[in-house]
Amino acid sequence: VHIFSQSHLCLVMYQVLKEAVCGLIAVSWLASRPIRIKQARNLSSSSPVVSDSARFSHWTLIESCPAKDSWQAVGIGGRNRIAMSGPSSGCGFLMSVVVHGDLALNEQEKELNQRLKRLYPAVNEQETPLPRSWSPKDKFSYIGLSQNNLRVHYKGHGKTPKDAASVRATHPIPAACGVYYFEVKIISKGRDGYMGIGLSAQGVNMNRLPGWDKHSYGYHGDDGHSFCSSGTGQPYGPTFTTGDVIGCCVNLINNTCFYTKNGHSLGIAFTDLPPNLYPTVGLQTPGEVVDANFGQHPFVFDIEDYMREWRTKIQAQIDRFPIGEREGEWQAMIQKMVASYLVHHSYCATAEAFAKSTDQAVHEELASIKNRQKIQKLVLSGRMGEAIETTQQLYPSLLERNQDLLFMLKVRQFIEMVNGTDSEVRCLGGRSPKSQDCYPGSPRLFNSPVHKASSSQTYQTGTAEVEMELDHFSNGVSESSSNGFLNGSSTHGIDLEECDGDMGEIIIWRQLCGGSQAAIERMIQFGRELQSMSEHLRRERGKNSANKKMLKDAFSLLAYSDPWSSPVGYQLDSIQREPVCSTLNSAILETHNLPKQPPLALSVGQAAQCLSLMARTGSGSCAFASVDDYLH
Amino acid sequence: MACIEILFRISDKFTATSRHYVDRLFDPDPQNVLQGVIDMKNAVIGNNKQKANLIVLGAVPRLLYLLQQSSSSLELRTECAVVLGSLAMGTENNIKSLVDCHIIPALLQGLLCSDLIFIEACLRCLRTIFISPVTPVQLLYTDPTVIPHIMSLLSRSQHTQEYITQIFAHCCKTPEHQMVLFNHGAIQNIAPLLISPSYKVRMQALKCFSVLAYENAQVSMTLVNVLVDGEQLSQVFARMMQRDKPIEMQLTAAKCLTYMCRAGAIRTDDNCIILKTLPCLVRMCSKERLLEERVEGAETLAFLMEPDIELQRIASVTDHLVSMLADYFKYPSSVSAITDIKRLSKLRHTRDFCNQLDHDLKHAHELRQAAFKLYASLGSNDEDIRKKITETENMMDRIVSGLSESSIKVRLAAVRCLHSLSRSVQQLRTSFHDHAVWKPLMKLLQNAPDEVLVMASSTLCNLLLEFSPSKEPILESGVIELLCSLTQSDSPALRVNGIWALMNMAFQADQKVKVEIVRALGTEQLFRLLSDPDTNVLMKTLGLLRNLLSTRPHIDQIMSSHGKQIMQAVTLILEGEHSIEVKEQTLCILANIADGNTAKELIMTNDDMPQKIKYYMGHSNVKLQLAATFCISNLIWNEEDGSQERQDKLREMGFVDILHKLTQASDPSLCDRAKTAMQQYLA
């Protein structure tokens with residue numbers, strides 16, 4: 001029953017994954033093939049589409065932001081690895097001090113981390129750390145460890161099999177490895193060469209050689225036999241002795257194990273292995289010494305080639321997964337997913353063109369999409385002050401109700417002030433003209449999207465207006481969801497592209513608040529307001545560690561003469577605008593009772609979640625089905 | 001009756017429409033002809049019946065005529081080539097008819113045209129024709145200008161590359177073909193295609209290299225130095241063996257490297273052989289692979305490691321190869337078994353199942369012979385591996401039944417395997433005897449083609465070794481006549497094996513056996529063998545003589561009946577131009593003769609012989625000196641009748657001085673031998 005449920009789960013998960021992935025492929029296909037969109041667009045004038053497709057190229061970046069807060073799997077996967085390297089390199093630093101600044105050791109550690117990351121990218125080491133050495137705690141007393149707990153020697157009497165002794169690695173093999181491999185070099189065969197290399201579960205008696213007991217598996221050097229939880233061995237491979245390198249490979253997809261000798265595969269030794277086995281070695285006579293390689297050095301056997309084969313197998317399995325009878329539904333569903341994705345991220349022109357060519361209805365009104373698009377553009381170009389103001393105009397109660405969100409936006413605004421990109425400081429800096437007060441022009445009436453879609457003629461004009469609208473700022477807008485009408489809009493002083501251009505220059509100059517003294521003062525004043533807002537929030541709603549940290553990080557920028565190259569400088573990177581943008585967008589959508597995630601992103605997240613669930617339940621195939629592989 | 005009528009009507013209708021297509025080819029208006037050809041093209045696609053009809057109705061000569069006419073429009077000529085290509089896609093009979101209509105020269109001529117589309121159509125059709133087993137490959141090489149021209153077309157397009165490489169891969173069957181292609185720059189022209197963006201082109205280019213390099217040292221040596229995009233060819237091949245590449249590509253790349261290695265262009269201890277090619281080929285033998293792939297994999301692997309014990313040792317422990325091969329025998333071995341299964345399954349199973357069985361049966365022989373070949377190669381040097389093989393489940397039984405299989409390929413492979421295992425003293429003593437392998441072996445020897453005979457007789461040589469328990473029963477089965485007849489064969493290999501077996505048989509044999517050998521062989525044949533052009537034959541014949549002439553009573557008896565001829569033969573060889581080994585062997589025979597009681601006199605009374613011995617005692621080669629001294633020592637041995645006279649006579653001839661000189665020799669054994677001989681005088 002256990003096996004059945006597991007494999008069933010796998011299949012279901014694959015299907016979900018595949019569905020999500022196909023949708024993504026469809027989008028990236030659209031993105032990579034502008035011809036198709038152009039055809040649709042030829043009905044309209046071309047320039048709005050250009051700006052849309054320019055946004056399109058951002059799409060992965062934008063995609064990566066929801067990952068942080070909501071799609072745990074992707075977020076953790078990406079971020080934790082970064083987080084991991086932090087503490088571990090710190091550790092390495094400490095150790096190097098202890099070990100008299102042994103640089104070589106540090107190098108080895110680095111190489112080990114790199115190799116493990118390359119071999120087992122799907123492993124989340126915070127949940128399931130990889131074995132890196134033998135455990136000084138999980139061994140029999142006759143075992144001695146040295147050389148960073150990688151060398152094992154025997155220190156017992158070695159008179160009878162009762163003197164056998166084993167040691168396990170620090171951690172069990174994570175299922176998310178898919179295929180796991182380690183090597184053991186025989187430094188000396190000692191008196192009789194009674195050495196066993198293999199695997200055992202936690203708690204198996206260490207006063208034994210691997211393979212003799214239940215949940216214990218070993219390949220022995222003296223007779224070349226394999227021991228599968230039994231005191232009597234089966235003829236398996238050649239004997240091994242001093243100088244030989246024996247490798248042990250666990251396939252966590254089909255739960256088998258094979259060994260290698262000096263780089264040659266010896267064939268399957270064990271099948272139906274249980275989960276969570278530890279690399280294990282056992283010795284029995286004096287003088288026996290072996291060294292382990294958990295990835296510290298290149299392996300003698302070409303394990304990556306073996307992994308390539310399994311990656312291909314798993315991916316072929318996913319590609320061939322049957323859709324069944326639902327082929328028609330399938331296409332419609334993918335189209336829906338793509339369309340909803342486009343709408344969610346406010347790619348209005350493309351969304352409309354796509355919806356038209358695939359005969360779908362857009363569920364959100366066009367004006368509303370455009371409003372969101374406008375706000376997102378402001379956030380992504382770093383003009384937070386305008387973004388907040390526009391949000392407050394368009395969605396009056398939103399930020400009032402959601403003070404945390406407002407706080408987050410303001411903190412971002414502060415960061416953008418430091419950056420010199422926020423509108424307020426830019427005005428003061430005098431470099432860019434722009435402020436939201438100078439909107440000449442007259443209000444204009446917009447057709448409702450429903451009406452536009454009714455005839456190609458009006459559709460054309462409709463999109464033509466979309467084009468203009470991109471460059472316009474709406475003024476005195478009413479809640480667009482109520483009637484789909486914008487009360488008016490006026491021409492903006494500069495267009496957003498120009499902003500982007502300016503940003504490039506700013507990065508080169510890198511002066512605090514763009515270098516203007518007035519701007520710095522404004523920034524400091526804003527910081528005080530932010531501080532008092534924080535205190536106010538705490539009084540009203542209790543402590544919020546996330547908010548506290550956010551503010552602390554942002555203020556830390558001022559502690560450095562060159563904030564950009566400081567340890568907290570990453571906040572100034574424009575990529576950090578994306579999570580803010582996405583959170584704000586989601587919040588707006590929620591007020592309209594629309595999903596805060598597009599179904600496509602949801603299914604990508606779900607697929608990723610499935611993979612981490614598979615990793616936890618011991619389905620090794622998750623190692624070779626990374627969602628990222630399908631994203632580009 | 002009604003049914004037949006309907007059938008007739010249908011086929012009539014078919015022929016009628018077919019005739020209509022052909023008729024349109026003769027329309028006076030070229031535009032109508034073109035439309036006719038295009039309609040014909042659409043009509044024949046996937047329709048074998050229609051294709052056969054059109055051929056019978058004579059469409060081919062007309063199409064060829066239109067194709068060759070320079071007055072035809074290029075479009076028409078191209079469409080003709082396309083239709084012909086379509087016709088070629090049908091049955092083998094279609095291909096035969098096309099070839100009979102001289103389509104090949106016509107299409108090759110067409111390649112001279114400058115239009116790429118037309119060239120591609122011609123090449124596509126040529127490709128289809130040349131990859132058929134019924135097409136004589138030689139037709140590609142008849143006109144010497146063809147190959148260089150085709151070579152120059154390789155750069156035209158991805159399609160020309162695909163078709164041309166595929167043609168080459170199928171039409172390179174002999175060393176001559178290899179050299180023609182090689183001399184026209186096949187390697188330089190095809191190597192860049194290995195990194196073509198098209199999989200088909202890469203694959204066909206790879207196949208070209210595998211057929212070019214096969215047993216060809218010159219090609220192989222050139223290949224190792226070729227760079228493709230700055231990378232050595234062996235590295236390119238190694239990359240093509242990666243485990244995520246298609247199986248076909250892995251296998252063919254492994255073949256290329258195997259052939260290069262066997263031709264001496266890559267060392268057997270090179271990592272790309274030991275760590276890449278060998279494991280790749282072992283993988284090809286696994287159960288997961290298709291039967292065809294398993295056969296090719298096993299054969300290639302057998303070829304790769306045949307001469308190298310280290311590779312044999314590695315392969316023998318890789319992925320349980322020895323027991324993996326045992327699975328090769330788990331397919332229905334006889335037709336009757338298949339038909340039984342079919343009859344049973346008809347009730348329950350689908351046709352697919354039967355098709356599967358046919359497929360398996362077809363490959364069952366191939367699988368078995370491939371497994372035998374690989375076992376033979378694995379066990380050719382290492383005793384432990386042989387033991388492992390014979391301990392594999394039912395292995396000896398499988399070999400025994402393989403020896404009497406209907407397929408000659410299987411019999412040959414089985415006997416090769418047996419031969420390889422027969423090099424083991426232990427196996428000769430145990431499993432060979434237990435399974436009475438000599439019985440099917442003897443049966444095989446009765447009536448078999450030469451290649452089987454060579455292997456079988458060679459195995460028999462080993463079974464006739466003195467310590468083999470099979471020797472006795474074989475002797476009793478009347479093998480002597482058979483072996484004697486082998487010595488009269490035209491094939492040197494068979495003559496060697498025949499006489500070798502006799503030599504082994506005569507070693508420490510009974511008087512009766514020896515007499516029987518001499519009688520059966522006849523002195524005439526014996527002397528004919530002593531003048532055999534093959535040194536091996538001569539050596540083994542001398543060996544036989546030496547074995548016959550051992551133990552004193554045997555020596556005397558044989559010398560008394562054949563003394564004169566033997567002495568003549570010995571004289572002849574000692575006087576002739578022969579290698580040191582031959583002369584040494586002959587002197588040993590002479591020494592044996594000198595050991596006889598009465599036989600001694602044949603030497604003493606011979607005017608020449610003592611002089612010859614004297615000459616060889618003073619020879620520059622120690623081995624010959626030793627053998628000659630041994631001979632003298634036997635002649636002057638004390639305790640024998642007439643030793644005094646012989647000593648005196650030889651002293652007169654100056655042998656004592658020579659012996660005295662030899663006691664100073666630097667070679668210790670020669671020195672000892674001379675001293676022992678001198679003691680006979682002193683005693």
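1. Strand β5 (residues 179–189) of chain A pairs with β14(A) in the antiparallel sense over six bridges. Pairing here requires that DSSP find at least two bridges between two strands; helices (H or I, at least four residues) and strands (E, at least two) are DSSP runs, numbered from the N terminus.

2. On provenance: the model is predicted, so local features need pLDDT of at least 70 and side-chain atom pairs count only at pLDDT 80 or more, while totals for chains, interfaces and linings use all residues. Residues are numbered from 1 along each chain as its sequence is written, chains are lettered from A and ligands numbered from 1 in the order in which they are written, and side-chain values use heavy atoms, with hydrogens and water left out.

3. Strand β14 (residues 288–293) of chain A is also joined to β3 (residues 151–154) of chain A, by three bridges, and these two strands run antiparallel. Within that pair, His153(A) has Val289(A) as its bridge partner, and Arg151(A) stands opposite Asp291(A).

4. β14(A) is mostly covered, with six of its six residues buried (buried means under 20% relative accessible area, exposed over 50%, partly exposed in between, with a 1.4 Å probe and protein chains only). Glu288(A), Val290(A) and Ala292(A) point one way from the strand, whereas Val289(A), Asp291(A) and Asn293(A) point the other way.

5. These strands belong to an open sheet of seven strands in chain A, in the order β2-β3-β14-β5-β10-β11-β12, with antiparallel pairing. β2 (143–146) and β12 (264–270) of chain A stand at the edges with a single partner strand each, so one side of each has no neighbour in the sheet. The twist averages 25° from one strand to the next (axes are lines fitted to C-alpha atoms, and angles run from 0 to 180 degrees between N-to-C directions).

6. The second largest pocket holds about 950 Å³ of space. A pocket is an open set of points on a 1 Å grid over the protein atoms alone, with protein on both sides within 12 Å along at least five of seven lines; a cavity is a set where a 1.4 Å probe fits but cannot get out, and lining residues have an atom within 4 Å of a point. Grid points are joined across faces, edges and corners, and a volume is the space filled by probe spheres set on the points.

7. That pocket is lined by 32 residues, of which Gly237(A), Pro238(A), Ser316(B), Val317(B) and Lys388(B) lie nearest its centre. β12 of chain A and α19 (309–317), α20 (321–326) and α23 (383–390) of chain B each supply at least two lining residues. The largest share, five residues, comes from α19(B). By class the lining has 10 nonpolar, 10 polar and 12 charged residues (Ala, Val, Leu, Ile, Met, Phe, Trp, Tyr, Cys and Pro count as nonpolar, Asp, Glu, Lys and Arg as charged, and the others, Gly among them, as polar).

8. The count of cavities of 30 Å³ or more is 11. The second largest cavity has a volume of about 50 Å³, and its lining includes Ile173(A), Val250(A) and Leu273(A). That lining divides into seven nonpolar, two polar and no charged residues.

9. Zero disulfides are found over all chains (a disulfide is a pair of cysteine sulfur atoms within 2.5 Å). The sulfur of Cys261(B) is 8.1 Å from the closest cysteine sulfur, in Cys272(B), which is too far for a bond.
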